Amino acid sequence: MSALADLINLDLSDSTEQIIAEYIWIGGSGLDMRSKARTLAGPVKDPSELPKWNYDGSSTGQAPGDDSEVILYPQAIFKDPFRRGNNILVMCDAYTPAGEPIPTNKRHAAAKIFNDPNVVAEETWYGIEQEYTLLQKDIKWPVGWPVGGFPGPQGPYYCGVGAEKAFGRDIVDSHYKACLYAGINVSGTNGEVMPGQWEFQVGPTVGIAAADQVWVARYILERITEIAGVVLSLDPKPIPGDWNGAGAHTNYSTKSMREDGGYEVIKKAIDKLGLRHKEHIAAYGEGNERRLTGKHETADINTFLWGVANRGASIRVGRDTEKDGKGYFEDRRPASNMDPYTVTSMIAESTILWKP
């Protein structure tokens, strides 16, 4: 095995200018991630320097067998923490040969919103809190939980320390460092309320880059869990009963919100979100009704309410924002399996472009 590890860690720069680019895209479920690698002649700094590529869409649920070719458009580049050196990860979106975005390509529509001059002028900032659960591979039960049984009730696990409270920290720390190496703006990580559940935060990051980074952070996490022999779950309620679900709380601000008088802008934006509550809920992740019950730090899925420092609200405003009269707010409704392209662009559209 040590010989295999030596080969995996070979430094290509000692013998060739060529690099390996791992092209990443979103599969047919809208949540599964796919990737494949190709050799390039030398280092690349910008996605525009990369060639388009294709894949068999009939094998990912994205095209029929008699017209299976789907085209990958490179959109964002990250350093590859697995191969290292000048090798890269490439976040792509997917199109038909005629250049039309396929149905699971949510990035295309998001880019239109983020390229709108009114949105560009507002410099939208996002901080996304991605919660997830680590499962034992063969039985799909959270790591650290007794097989067929349950741990002690929630309470000691949130930000907990110790072998009986924190399960999977080696994976979490590996992911944290790998994301920073890749150039993802991961701002922190912590153990969550349910044992075996963790969270990492991406941001503050501007516009569509926030969604690109969340997707690639998910990809890196899934690669690490693959190595560790553990299953990554983004199910918003992986364990029924008196256990917290998993969300992707989305913190948001615009330039106007961050300036003096911004609190009034925030309140108007929240009012707009309330008017479009049903549309947002419909786009905020599958199975979210199992999580948004009004319990376990959530608001009921059918109710829109906001409050200062209220973790049982749909929208939470921080004490500092209220005190300073400017800042940001947190949309607590998105599920852990949400599409960050959809959620970030929809928040921008509702708060900046939409006219009631």
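## Ground rules

This is a predicted model: local features need pLDDT of at least 70, side-chain atom pairs count only at pLDDT 80 or more, and totals for chains, interfaces and linings use all residues. Numbering starts from 1 along each chain as its sequence is written, and side-chain values use heavy atoms, with hydrogens and water left out.

## Two domains

The protein chain splits into domain 1 (4-104) and domain 2 (117-353), with bounds that come from an automatic or database domain assignment. Their centres, taken over C-alpha atoms, are separated by 27 Å. Where the two are in contact (heavy atoms within 4.5 Å), domain 1 puts in 17 residues and domain 2 puts in 18 residues.

The 19-99 span is 0% helix and 48% strand, and its end C-alpha atoms lie 28 Å apart. For 106-356 the make-up is 37% helix and 19% strand, with 24 Å between the end C-alpha atoms. Helices (H or I, at least four residues) and strands (E, at least two) are DSSP runs, numbered from the N terminus.

## The five-stranded sheet

Five strands form an open sheet in the order S2-S1-S5-S4-S3, with mixed pairing; two strands pair if DSSP finds at least two bridges between them. Strands S2 (33-40) and S3 (53-56) stand at the edges with a single partner strand each, so one side of each has no neighbour in the sheet. From one strand to the next the twist averages 40 degrees, where axes are lines fitted to C-alpha atoms (for helices, over the stretch in contact) and angles run from 0 to 180 degrees between N-to-C directions.

Now walk across it. S1 (residues 19-26) and S5 (residues 88-95) run parallel, joined by four bridges, with Glu 22 opposite Leu 89 in S5. S5 also runs antiparallel to S4, over eight bridges; there, Ile 71 has Tyr 95 as its bridge partner. S4 (residues 69-79) is then joined to S3 by four bridges, again antiparallel.

Over in S6 (residues 125-136), ten of the twelve residues are buried, so the strand is largely enclosed by the rest of the structure. Buried means under 20% relative accessible area, exposed over 50%, and partly exposed in between (1.4 Å probe, protein chains only).

S6 pairs in the antiparallel sense with S8 over eight bridges, and Ile 128 has Val 202 as its bridge partner in S8. Six bridges join S6 to S10 (residues 248-253), also antiparallel, with Trp 125 opposite Ser 253. S9 (residues 230-233) pairs with S6 too, in the antiparallel sense over four bridges, and Thr 133 has Ser 233 as its bridge partner there.

## Nonpolar cores

A nonpolar core here is a set of buried Ala, Val, Leu, Ile, Met, Phe, Trp, Tyr and Cys residues joined through side-chain atoms within 4.5 Å. The largest has 63 residues, and those with the most contacts inside it are Met 91, Tyr 132, Ile 184, Ile 220 and Phe 329. Helix H5 (residues 208-228) gives the most to this core, at eleven residues. Domain 1 and domain 2 both give residues to this core, so it lies between them.

Apart from that one lies another core, of 17 residues, including Ala 21, Tyr 23, Leu 72 and Cys 92. Back to Tyr 132: leaving aside neighbours within four places in sequence, its contacts include Val 172, Trp 198, Phe 200, Leu 221 and Leu 234.

## Gly 207

Which loop holds Gly 207? The one between strand S8 (197-206) and H5. At 6% relative accessibility, Gly 207 counts as buried.

Not counting residues up to four places away in sequence, Gly 207 touches Phe 114, Thr 124 and Tyr 126. The C-alpha atoms of Gly 207 and Val 119 are separated by 8.7 Å, with the two residues 88 apart along the chain.
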